Amino acid sequence: MKVLNLQCAHQHAFEGWFASEDDFQSQLARGLVECPLCSDKAIAKMPSAPRLNLGGARDAAEIRPAAVASEPAQAMTLLPSDPRLQAAWLKMARHVMANTEDVGARFAEEARKIHYGETEERNIRGQASREEAQALLEEGIGVLPLLLPEALKETLQ
């Protein structure tokens, strides 16, 4: 088993487990390796070494991977690059997925039905245009835009 330190073009660091280097390269070439936070498929293998227990060594959480040089600089990062913040964001996103009903494109309609008492109150998530979200807010209906990667809609291994 080969455990690799990987990083997407948005500098989200994560670990990948593969049967071999050839298995990793094959999956990468077929577009099967993607960032668990943002679903980016521009993945780079980061340098790694066996961990040595030396008294003066820094904690792994303090070490930040270098930027991926082959990708242009991003004007805005959607998700944090700090591994601890990534883990907290991923935990929050999984909590949202586990505790809400996906109503898809009917989000604005369902939110109004709940707000006006036409249907039972429950936690929902779905898609709404910017205009629909603005109209809901103007009606006093609390909504929160939250980008959830496609990878969270399935069980992660």
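Trainee: Before we start, what are the ground rules here?

Mentor: Residues are numbered from 1 along each chain as its sequence is written, and side-chain values use heavy atoms, with hydrogens and water left out. The model is predicted, so local features need pLDDT of at least 70 and side-chain atom pairs count only at pLDDT 80 or more, while totals for chains, interfaces and linings use all residues.

Trainee: How confident is the predictor in the protein, going by mean pLDDT?

Mentor: pLDDT is the predictor's confidence in each residue, from 0 to 100. The mean for the protein is 77, and 73% of its residues reach 70 or more. Among the elements, helix H2 (residues 83-98) has the lowest mean, 80, and H3 the highest, 94. Over residues 60-78, pLDDT stays under 50.

Trainee: How many helices and strands are there, and what makes a run count as one?

Mentor: Four helices and five strands. Both are DSSP runs numbered from the N terminus: helices are H or I with at least four residues, strands are E with at least two. The order from the N terminus is β-β-α-β-α-β-α-β-α.

Trainee: What makes S1 and S2 a pair?

Mentor: Two strands pair if DSSP finds at least two bridges between them. Strand S1 (residues 2-8) and S2 are joined by six bridges, so by that rule they pair. They run antiparallel, and Leu6 stands opposite Phe14 in S2. Together they form a hairpin with four residues between them.

Trainee: Which residues of S2 are on its covered face?

Mentor: In strand S2 (residues 13-18), those are Phe14, Gly16 and Phe18, whereas Ala13, Glu15 and Trp17 make up the uncovered face. In a regular strand the side chains alternate between the two faces of the sheet.

Trainee: Why is Gln11 called partly exposed?

Mentor: Buried means under 20% relative accessible area, exposed over 50%, and partly exposed in between, with a 1.4 Å probe and protein chains only. Gln11 has 24%, so it counts as partly exposed. Ser39 has 22%, so Ser39 gets that label too.

Trainee: And Gly104, buried or exposed?

Mentor: Gly104 comes in at 16%, so it counts as buried. Gly104 is found in strand S4 (residues 101-104) and touches Arg125, Gly126 and Gln127, leaving aside residues up to four places away in sequence. A contact means heavy atoms within 4.5 Å. The C-alpha atoms of Gly104 and Arg125 are separated by 7.1 Å, with the two residues 21 apart along the chain.

Trainee: Why is Glu110 called buried?

Mentor: Its relative accessible area is 7%, so it falls in the buried class. Glu110 sits in helix H3 (residues 107-115). Beyond four places in sequence, Glu110 touches Val103, Thr119, Arg122 and Ile124.

Trainee: How do you know that Glu110 and Arg122 make a polar contact?

Mentor: A polar contact is a pair of N or O atoms within 3.5 Å; within protein, one must be able to donate a hydrogen and the other to accept it, and residues adjacent in sequence count only if both atoms are side-chain atoms. The side chains of Glu110 and Arg122 make theirs at 2.7 Å, so the distance is within the cut-off.

Trainee: What makes a set of residues a nonpolar core?

Mentor: The members are buried Ala, Val, Leu, Ile, Met, Phe, Trp, Tyr and Cys residues joined through side-chain atoms within 4.5 Å. The largest one has 13 residues, and Leu6, Phe18, Cys35 and Ile43 have the most contacts inside it. S1, S2 and H2 are the elements that give two or more residues to this core. Apart from it lies another core, of ten residues, among them Val103, Ile114, Ala133 and Leu136.

Trainee: Which residues does Cys35 touch?

Mentor: Beyond four places in sequence, Cys35 touches Cys8, His12, Phe14, Asp40 and Ile43.
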